[in-house]
2 protein chains.
Amino acid sequence: MDNRPIGVFDSGLGGLTVLSKIIEEIPTESIVYFGDCGRTPYGVKSKETIVKFTFQDIKFLLNQDIKMVVIACNTVSSNSLHEVKKEFKGIHIVEVIEPGALSAVNETVNKKVGVIGTSGTINSNVYENAIKKLDDSITVYSKACPLFVPLVEEGWWDNDIALRTAEEYLLPLKEKGIDTLVLGCTHYPLIINEIKAVLPSHIKVINQGTIVAESLDNYLKRHNEIENQLGKNYNRSFYTTDTSEMFNDMAELFYGESIFSEHAEMEM
Amino acid sequence: MDNRPIGVFDSGLGGLTVLSKIIEEIPTESIVYFGDCGRTPYGVKSKETIVKFTFQDIKFLLNQDIKMVVIACNTVSSNSLHEVKKEFKGIHIVEVIEPGALSAVNETVNKKVGVIGTSGTINSNVYENAIKKLDDSITVYSKACPLFVPLVEEGWWDNDIALRTAEEYLLPLKEKGIDTLVLGCTHYPLIINEIKAVLPSHIKVINQGTIVAESLDNYLKRHNEIENQLGKNYNRSFYTTDTSEMFNDMAELFYGESIFSEHAEMEM
């Protein structure tokens, strides 16, 4: 039994959609969430910069005495997982790409899978590689959708602009005849209705939060030496590199309930 | 005569629209441009974080032995000018708000002025304060337009989504009967056609780049002890906190010609 917290981080707030699913699945684990809102978004930045920021983020979490790390960010997972595994040997790392890819492989019937995400995620080809590693008869069609994150942050989820933007981005994937679509960005669950509205109803839309939470639960069940069995004695702490007020104001949107965060001073 | 360069900085690439106007106006001055693309955008971050980043940016420029600083960023000007003037006494600082406000005051006839910008700029009320200080009979109507920057960066300047977004943001200002609109963000000159298309043609749209360049030229003419009179022996250097490849790829869009930048390692 290991009652230290699980560290969860994202370049900003999006990871809270993953965290809310994790908490539904394993409600008694303690959590430290870190959102790098001071430098968000990562998706428009270079791989080199993303790797550098990621190392700093994980070091921050390790200083909070966590037992494992969840990378709740597609841009980080896709740009720096290889480097992270090399740098932080011995720390168990859960990320969002592999569970998402596996779920797509299990769902697709016609072997045509669509993936959407930030430019950083899509340009890295990480989903395509992960899916093809599992089943190389699958064709993957990818599309960067850089306007979805600012649309979500503007609160424009249900207006005609969100719908037209979804249509513009998703038309090429629809035309390819995909039967499965991976939401490769933790902001996108908030705009899932618009995404579904412009796609034929038979297309299966994969929300990573649920998948990652299940995979984490499985991992803990298989390694019950690190499961927290303290029942209700858990803690949830939230840190951000922007001011905590800024974080708290927006966080409820992503997390579903209000959050009180602390400002994190990082050695950068 | 002082042939050291003028330092120009922005949270990212937008300041290059101001720089291109500066170069048209004073082509023989040497320039060091710094774009904090590794942490861009500032507009969604808190005042505290913006002030911290600004101090670091200016210190970086001072290390390049510049003779004066141009803050080519509305978010920085509006959130940290007071703090900057206190911290960096003795350095001449040119910024974008005051020249923009002055131009609006000169242009408006019906005393109703609109201002658009990032959330950081608009929430700071800086334009309203600057305009009212010059003429308190003017009413200022402000509107944050957070989707304009990602639209520009997506290259969606001339599609129906850009037009609908402009319409959505600008309708409330149009209804107030403004006769003058200040583009309070250095990205917005790239989307000026869509902005003009949804407004009645009598509304005067103020582009800061031109105004700031003129005000800088005037300053140098009044202080010819610091004017560079070396003729063609000028230098232009560009630094970014993201990788230089990332900067160079996008920069041409804003600057009008290709740029070769260097990566800046900052003591953060």
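This is a predicted model: local features need pLDDT of at least 70, side-chain atom pairs count only at pLDDT 80 or more; totals for chains, interfaces and linings use all residues.
Residues are numbered from 1 along each chain as its sequence is written, and chains are lettered from A and ligands numbered from 1 in the order in which they are written. Local features need pLDDT of at least 70 and side-chain atom pairs count only at pLDDT 80 or more, whereas totals for chains, interfaces and linings use all residues; side-chain values use heavy atoms, with hydrogens and water left out.

Asp179(B) lies in the loop between α8 and β7 (180-183) of chain B. Helices (H or I, at least four residues) and strands (E, at least two) are DSSP runs, numbered from the N terminus. A polar atom of the Asp179(B) side chain also lies 2.9 Å from the backbone nitrogen of Asn110(B). Not counting residues up to four places away in sequence, the residues that Asp179(B) touches (heavy atoms within 4.5 Å) include Val109(B), His202(B) and Ile203(B).

Is Asp179(B) buried or exposed? Asp179(B) is buried, yet has no salt bridge. Buried means under 20% relative accessible area, exposed over 50%, and partly exposed in between (1.4 Å probe, protein chains only). A salt bridge is a side-chain nitrogen of Lys or Arg within 4 Å of a carboxyl oxygen of Asp or Glu. The nearest side chain of opposite charge, that of Lys112(B), is 9.4 Å away; Lys and Arg count as positive and Asp and Glu as negative, while His and the chain ends are not counted.

Over all chains, a search of the whole structure finds 22 salt bridges. One of them joins Asp57(B) and Arg39(B), at 3.5 Å from N to O. Asp57(B) lies in helix α2 of chain B and Arg39(B) in the loop between β2 (31-35) and α2, so the pair ties together parts that are 18 residues apart in sequence. Both Asp57(B) and Arg39(B) are buried. A further salt bridge links Arg4(B) with Asp2(B) at 2.9 Å, N to O. Arg4(B) counts as partly exposed because its relative accessibility is 31%, and Asp2(B) counts as buried at 14%.

The two chains meet at an interface where 30 residues of chain B are in contact with 30 residues of chain A. Between them, the chains bury about 2600 Å², 60% of it on carbon and sulfur atoms; buried area is the accessible area (1.4 Å probe) that two parts lose on being put together, summed over both. The rule finds two salt bridges across this interface. In a salt bridge between the chains, the side chains of Asp160(A) and Arg164(B) meet at 2.6 Å, N to O. On the side of chain B that touches chain A, α8(B) gives the most, with six residues.

Arg164(B) also forms a salt bridge with Glu167(B), the closest N and O atoms being 3.1 Å apart. Glu167(B) and Arg164(B) are separated by about one helical turn, because they are three residues apart in helix α8 of chain B. Salt bridges that share partners join Asp160(A), Arg164(B), Glu167(B) and Glu168(B) into one network.

Conventions:
A polar contact is a pair of N or O atoms within 3.5 Å; within protein, one must be able to donate a hydrogen and the other to accept it, and residues adjacent in sequence count only if both atoms are side-chain atoms.
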